[in-house]
Amino acid sequence: MSVTAGVSLASRLVLVMVLLLLLIQAAVFFSTREAMQRQAATEIETSLEVGERILQRLLVQDAERLGDAASVLASDFGFRSAIGTGDTDTIESALENSAARIGASVASFLDLRFQLLAATRESSATLRGTLETLGPALAEGRHDDDLAILQGVPYQFVLAPVRSPLLVGWVMMGFPVDATLARDFERLSGTSAAFFARMGDEPWQSVGASLESDNWRYTIHPERGTSKATIDGASFASRILYLPAAGGELAVVLVRSIDELMAPFTRLQQVLAVLTLVGIVCFTLISLLAAARVTRPLAQLTRATSRLEQGDFDVRIEGTDRGDEVGRLARGFQNMQTGLANQREEIMRLAYWDTLTGLPNREQFRRCLGEVIDAARSSSKPVTVVLLDLDRFKPVNDVLGYAFGDRLLQAVAERLREQTGASARMVARLDDDHFAIILLNTDARQGDALAAQWQQQLLLPLTLDGHTIDLSASFGVASWPESTDHPATLINRAEIAMDAAKARGVGHLVYEPSMDSASLQSLSLLTDLRTALDTGQLQLYLQPKVAAQSGKLVGAEALIRWIHPVRGMIPPMAFIPFAEQTGFIRQLTQWVFDAVADAAMALRAHGLSIPLSLNLSTRDLLDVQLPARLLDRLAQHPVLRPSDFCLEITESAIMEDPKRARHTLIELAEHGFRLSIDDFGTGHSSLAYLQALPVHELKIDRSFLRDFVTTDRNRLIVKSTVELAHALNLSVVAEGVEDETTMQALAGLHCDDVQGYWITRPLPVGAFLSWHDQWRRHPLNPAHAR
Ligand code: C2E
Ligand code: CA
Ligand code: CA
């Protein structure tokens, strides 16, 4: 991975451009500086050369000025007559005046042999001893040799002849080469100068300089021979000039300030640096703007994609209308976005919706429930789940086909949606024929009331493809926080309540912990069941069937009871379905048959000879061996005939496999067993179909007796069922009679027999006999009987 991986495209572009500019600017800057420095060096050199010429010129000029002054004095009449008379005082005073006028420090009069005759006051000591060599040279006009070192001080001398009219002597004048001369020089040339002198081989002595500070002495010296010097931190260029002088040597060091010379260049350089800096800043800003302009659409696309990544599919993608590469890229992204959004929608649909009914599925239901309970925690308002399961849906599917089953589920979904209306937060299909409803601000009791209402509304028959279907469903109710504190188990609890409602045939139930243990224990129940059979925990109860008109006992239905040593009385619906599933029902039916035969013998012993009914399950009906086995058992009791037994078969058991059922039923009827259609009206068979079976009796399901007196509908159904059954030569039994009014209404409808709690609950054989003793004496008067 490169180092620049994290840097944006824009900054990288700007970085490259700015670096390039810096490179170019640096090249320009340094080459310009180089040129300027070269130019400055030449300038320094030139200025020192010019300085040297000016110095020489200054020396010549001074010599001429001095020469003129000496000539004026030499031709002065008074001076010449003073010489003529030998008046030394006058000569000296003339010399004094002339020297003062021109600023010479030495003025003297020499005789023809260059012997000093008169001099200004300070001069005589200075000049003594040097005139013999200096005089002749000057007299010959060798101007180059007009310098002399006298007592360590360099002087410039001139000689003028004194004629009267013949040559009588010489006027000699001189002034020192010192700081004054250096300053004059500096004024003229702008270059500083320092003078040094030495006598013979003695060391150099400084004799005067135009430099202000005294510090120059440390760095400027003829012997150092340097061309560069530093004084007080400033740089100087220097040049040494040696001038011959009588009695020694003179050195002039010309000093020129480099900084001063360089000043305009330095300023130029500073301007150049500032310009470069300003240029870079401007360029950087402009490049940033330009790069941003180029990369902005890319950055927008990048932002859009990262929002896409986070699942936000509504993000607007900019730049799709552009004609360039960015536009093409943006359009590509847009297409990808639409594709992804569609795909996600489809996935969501599959994941959270039931495709058949268009209702939310189990997953969505589960999520929604979790959410509403989370929300309800703060307000602690109850949330209730109602689960429902269609009764006998499987046989419908099997008999009328899956396509029809699907249509039926769709119709049920539609009906539920309408019925639950605004009261439901969500109606979902969990699977198969399981539906579920979430109710907000509803407790279990209110939920149960609603479930009861919906259950009734669902009972209205449904017409599909010309088939009229009687719908019914079992409802289970569980609520938060009453039934459980965990949303996850709430559905489970409602399911348990629903199973219990179905098992007990009560339509709707609210969850109770006891149901939970019943279903949890159902597995161990099955193993227990085998033991129960062997150890006599099973008992047979009898419920009487009496004639509706007279109240005369006409028969009894045998109902199995399991008296569990620990759990007490276990209702048949809690174990018979399991027995059916495992096939254990065969043994159970066998046991019941034997027990019924025993009971019949017991009743006979008390002079009661009535047919006893027993219930067969679907499995029994599909068992081709059943008739043979029953006959085999019957052989144990020679007194009993098959006609002493009535076999109750539910409508749905027949419809499970109509062909085989019909075969078994015909065989049983041929042997003389009486046959009864149990729970009639709850299935989907028609009387026309049942007519073709060798059946003797119809038992109208007890659900039709509910609200029998007040609702016309159920009464009408029972009335027409009774009429039709009589037309087909079948006797009709109404089961589940719980009150006298129903009893009388049934009698009014010419229903043959009745069975129900109003007469008595199922009873053990002994109790049954005692009940009958009472009943026989006061028929149709249960107050006495109970
Ligand atoms: P079922 O054959 O429809 O039996 C009638 C049920 O209605 C019995 O429930 C009975 O106690 C109840 N019942 C009688 N009168 C009334 C009444 O006035 N009101 C109400 N609400 N209910 C009344 P039970 O004994 O709990 O049996 C339930 C079901 O268990 C039976 O329904 C039957 O399908 C099955 N079952 C019972 N014993 C056996 C058996 O020995 N073998 C088989 N295979 N199934 C049995
Ligand atoms: Ca029955
Ligand atoms: Ca029944």
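How exposed is E45, and what is the relative accessible area of this residue? E45 is partly exposed, with a relative accessible area of 40%. Here buried means under 20% relative accessible area, exposed means over 50%, and partly exposed lies in between (1.4 Å probe, protein chains only). Keep those words in mind for the points below.

1. What kind of model this is. You are looking at a predicted model, where local features need pLDDT of at least 70, side-chain atom pairs count only at pLDDT 80 or more, and totals for chains, interfaces and linings use all residues. Residues are numbered from 1 along each chain as its sequence is written, chains are lettered from A and ligands numbered from 1 in the order in which they are written, and side-chain values use heavy atoms, with hydrogens and water left out.

2. The partner of E45. R239 forms a salt bridge with E45, and the closest N and O atoms are 3.1 Å apart. Because R239 lies in strand β9 (residues 234-245) and E45 in helix α1, this pair ties together parts that are 194 residues apart in sequence. R239 is partly exposed, at 22% relative accessibility. A salt bridge here is a side-chain nitrogen of Lys or Arg within 4 Å of a carboxyl oxygen of Asp or Glu. Helices (H or I, at least four residues) and strands (E, at least two) are DSSP runs, numbered from the N terminus.

3. Further salt bridges. By the same rule the count comes to 29 salt bridges. One of them joins the side chains of K545 and E697, with 2.8 Å from N to O. K545 lies in strand β18 (residues 538-547) and E697 in strand β24 (residues 697-700), so this pair ties together parts that are 152 residues apart in sequence. Both K545 and E697 are buried. The side chains of D623 and R629 also meet in a salt bridge, at 2.8 Å from N to O. In that pair, D623 is buried, with a relative accessible area of 5%, while R629 is partly exposed at 23%. Elsewhere, salt bridges that share partners join E557, E648, K699 and E735 into one network.

4. A nonpolar patch on the surface. L20, L23, I24 and V28 form this patch, with about 400 Å² of accessible area together. Patches are made of residues with over 30% relative accessible area and no salt bridge; like charges are joined within 9 Å, and nonpolar side chains (Val, Leu, Ile, Met, Phe, Trp, Tyr) within 5 Å. Accessible areas come from the Shrake-Rupley method with a 1.4 Å probe, and for residues only the protein chains shown count as cover. V28 lies in helix α1 (residues 9-74) and is partly exposed, with a relative accessible area of 40%.

5. Backbone details to look up. The peptide bond from S164 to P165 is cis, with omega near -15°, and P165 is in the loop between β4 (153-163) and β5 (167-176). The peptide bond from W480 to P481 is cis as well, with omega near 5°; P481 is in the loop between β16 (473-480) and α13 (487-504). F114, a residue other than glycine, has a positive phi near 65°. F114 lies in the loop between β1 (106-110) and β2 (116-119) and counts as buried at 12% relative accessibility. Q151 also has a positive phi, near 50°, but this residue is exposed, with a relative accessible area of 60%.

6. The surroundings of ligand 1. Of the 20 residues around ligand 1, Q543, R561, D678, E738 and Y757 come nearest; a residue is near a molecule or strand if one of its heavy atoms lies within 4 Å of it. A side-chain N or O atom of D678 is 2.9 Å from an oxygen atom of ligand 1, and a polar side-chain atom of E738 lies 2.5 Å from a nitrogen atom of ligand 1. Y757 uses a backbone N or O atom, 2.7 Å from an oxygen atom of ligand 1. The protein covers 86% of the 800 Å² of accessible area that ligand 1 has on its own. β19 (553-564) gives the most to the shell, with 4 residues.

Notes: Polar contact = N/O pair within 3.5 Å; in protein donor to acceptor, adjacent residues only side chain to side chain.
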